[in-house]
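Please look over the structure shown below with these numbered points beside you.

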Amino acid sequence: MSIERTLFQAADQMRGAMDVGEFKHVALAMLFLRYVSAVFELQRQKLEAEEFADPEDPEGYRAENVLWVPEPARWSHLAAIAKSPEIGVEIDNAMRAIETANPSLKDALPTVSGRESLDRGIVSGLIDLFTNMPIEGKRGLGPRGRSHCCPFPRPLRQRQPPGWVNALVPS
């Protein structure tokens with residue numbers, strides 16, 4: 001399923017449950033988590049295949065402009081707890097964990113999924129939907145998908161983001 005089709009399907013699931021402006025922040029935050037986890041896992045596989053590499057050393061990821069994704073922020077962990085009543089809070093905590101592990105992202109990632117007004121069924125449904133979305137290639141979403149994946153506020157561009165952000169933020 002293409003990124004466009006997946007996003008339209010996500011919008012259909014959320015139609016009537018929230019405002020479109022609110023939807024984009026929730027959906028793109030989860031799409032961001034899915035994307036960085038996929039790129040992280042690709043790098044992890046490379047490091048595991050190297051004889052003297054340590055797949056638990058964040059520097060092996062940073063050297064390749066890949067974000068270090070702490071265990072509680074990895075998509076596999078979030079997908080495993082998708083039906084938890086606290087999934088929205090867990091997603092927000094995942095964003096905070098990524099910011100902490102990657103200081104260049106301090107205060108840049110959205111934490112909007114843990115609000116009480118947000119239906120947990122919508123959040124877990126989006127996780128299921130994005131889990132089944134194929135992420136391919138070194139940078140994951142490809143040129144068309146990148147234009148849809150920009151959960152960052154505009155000022156992040158002015159803060160000289162690391163190279164991987166350029167793959168997410170359209171020119």
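1. The largest nonpolar core holds 38 residues, and among these M30, L33, I91, I98 and I127 touch the most other members. A nonpolar core is here a set of buried Ala, Val, Leu, Ile, Met, Phe, Trp, Tyr and Cys residues joined through side-chain atoms within 4.5 Å. Helices α2, α4 (75-80), α5 (87-101) and α6 (120-131) each supply at least two residues of this core, and α2 gives the most, with 12 residues. In soluble globular proteins, nonpolar side chains tend to be buried together.

2. Before reading further, please keep in mind that this is a predicted model, in which local features need pLDDT of at least 70 and side-chain atom pairs count only at pLDDT 80 or more, while totals for chains, interfaces and linings use all residues. Residues are numbered from 1 along each chain as its sequence is written, and side-chain values use heavy atoms, with hydrogens and water left out.

3. A contact means heavy atoms within 4.5 Å. Over the chain, among contacts with a separation of 6 or more, 66% come from residues 24 or more positions apart.

4. The secondary structure comes to 9 helices and 0 strands. Both kinds of element are DSSP runs numbered from the N terminus, helices being H or I with at least four residues and strands being E with at least two.

5. Of the 171 residues of the chain, 47% count as buried; buried means under 20% relative accessible area, exposed means over 50%, and partly exposed lies in between (1.4 Å probe, protein chains only). The chain exposes about 8,800 Å², of which carbon and sulfur atoms supply 51%. These accessible areas come from the Shrake-Rupley method with a 1.4 Å probe, and for residues only the protein chains shown count as cover.

6. Is N102 buried or exposed? N102, which is found in the loop between α5 and α6, is buried, with a relative accessible area of 4%. Leaving aside residues up to four places away in sequence, N102 touches R62, L67 and W68.

7. How many salt bridges does a search of the whole structure find? There are 6, where a salt bridge is a side-chain nitrogen of Lys or Arg within 4 Å of a carboxyl oxygen of Asp or Glu. Side chains of opposite charge can pair when their charged atoms come close.

8. The salt bridge between E56 and R44 has an N to O distance of 2.4 Å. This pair links distant parts of the chain, with E56 in the loop between α2 (20-49) and α3 (59-62) and R44 in helix α2, 12 residues apart. E56 is partly exposed, at 42% relative accessible area, whereas R44 is buried, at 14%. R44, E48 and E56 are linked in a network of salt bridges.

9. Because R62 and E59 are 3 residues apart in helix α3, they are separated by about one helical turn. R62 is partly exposed, with a relative accessible area of 32%, and E59 is partly exposed as well, with 47%.

10. K106 and D107 form a salt bridge whose closest N and O atoms are 3.8 Å apart. K106 is exposed, with a relative accessible area of 54%, and D107 is exposed, with 60%.
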